[in-house]
Amino acid sequence: MSAEPHERGPRVSEADAILLGAGIIFLIFLVDGLFKEWLYRNAVALYWAFDIAKFVIVPVLILAWLYRRHSLAPSRYGLGRFGKGGHWFHALGLILLVSLILAAVYHLSSRMAWSIAATAPPTFTYSNSVPSGWLHFPVVVYFGLTAGFVEEVFLRGLPVRYLQCRHGDHWSRPAYVAGTSLLFGLIHWENGIPEIFATAAFGVAAAVIYLKLRNLWPLIMAHILIDVWWFS
């Protein structure tokens with residue numbers, strides 16, 4: 001008598017899979033501050049290879065795995081249709097409004113934090129690795145696109161989906177705002193305490209806006225515009 005075939009299904013729940021995937025990204029972002037400057041100054045090719053792996057290869061593999069094993073389509077973590085029905089002027093206006101809000105929150109928080117903190121500015125930031133010449137604009141766009149997409153998806157969109165899977169309709173919105181903004185601030189720790197404060201404030205505003213819109217595209221586009229302006 002032949003044995004009955006084993007049922008094949010996900011090895012982990014959707015919530016645990018999201019936690020694992022987002023956790024991997026968070027840990028990479030958290031620890032790279034320990035060696036990012038050293039890589040740039042001593043092995044620039046490895047610096048760029050690591051950055052591409054961090055912002056492109058690993059996130060794509062994780063999202064593909066979540067889709068394949070749990071049918072977690074992009075629309076379920078905030079990447080739904082945007083500007084549908086031909087309302088592109090409304091969509092553009094929303095992106096500009098979100099950009100102004102987030103830029104103002106970050107700028108004011110940063111100025112206040114640096115005026116209070118008695119710490120020296122960081123010796124290395126991503127701005128230091130932006131080349132001059134014809135590569136300047138492509139690298140600026142790359143930094144904006146990758147940070148805007150990956151950080152918003154993994155630190156804003158997927159956490160909501162995780163809480164929905166884990167707690168249903170009873171998940172805490174204040175806990176989401178506080179938790180994701182803290183994580184967003186911590187991944188910028190290598191730039192100093194004022195930067196942690198400023199990016200955490202940015203995270204609070206972004207989380208509140210996402211809870212209102214339930215669509216990541218305005219936040220992603222705003223994040224990209226702000227980073228492109230900053231790195232330019």
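**Entry 1: Leu94 and its surroundings**

I began with Leu94, which touches Phe82, Leu213 and Pro218 once residues up to four places away in sequence are not counted, a contact being heavy atoms within 4.5 Å. I then placed Leu94 in helix α4, where helices (H or I, at least four residues) and strands (E, at least two) are DSSP runs, numbered from the N terminus. I also looked up Leu94 against Gly83, and found the two 11 residues apart in sequence and 9.9 Å apart in space, C-alpha to C-alpha.

**Entry 2: what kind of model this is**

I noted that this is a predicted model, in which local features need pLDDT of at least 70 and side-chain atom pairs count only at pLDDT 80 or more, while totals for chains, interfaces and linings use all residues. Residues are numbered from 1 along each chain as its sequence is written, and side-chain values use heavy atoms, with hydrogens and water left out.

I looked up pLDDT, the predictor's confidence in each residue, from 0 to 100, and found that the protein averages 93, with 94% of the residues scoring at least 70. Over residues 1-7 the pLDDT is below 50, and this stretch has zero contacts in the model beyond near neighbours in sequence.

**Entry 3: the fold as a whole**

I counted eight helices and zero strands in the protein, which reads along the sequence as α-α-α-α-α-α-α-α. The radius of gyration is 19 Å, close to the 17 Å that the globule rule gives for 232 residues, so the protein is as compact as a globular protein of that length; the radius is taken over C-alpha atoms, and the rule is 2.2 Å times the number of residues to the power 0.38. The C-alpha trace spans about 75 × 45 × 35 Å along its principal axes.

Of the contacts with a separation of 6 or more, 79% come from residues 24 or more positions apart. Buried residues make up 44% of the 232 residues, where buried means under 20% relative accessible area, exposed over 50%, and partly exposed in between (1.4 Å probe, protein chains only).

**Entry 4: Ser129**

Is Ser129 buried or exposed? I found that Ser129 counts as buried, at 3% relative accessibility, and that its place is in the loop between α4 and α5 (136-167). Leaving aside neighbours within four places in sequence, Ser129 is in contact with Tyr40, Tyr47, Trp48, Phe124 and Phe143. Ser129 and Arg111, by contrast, are 18 residues apart in sequence and 23 Å apart in space, C-alpha to C-alpha.

I checked Ser71, which is not a glycine and yet has a positive phi of about 50 degrees; Ser71 sits in the loop between α3 (44-70) and α4 and counts as partly exposed at 47% relative accessibility. Arg214, another residue other than glycine, has a positive phi near 55 degrees, lies in the loop between α7 (193-213) and α8 (217-231), and is partly exposed with a relative accessible area of 36%.

Last, I looked at Pro174, which is found in helix α6 and is exposed, with a relative accessible area of 61%. Its C-alpha atom is separated by 9.1 Å from that of Val208, 34 residues apart along the chain.
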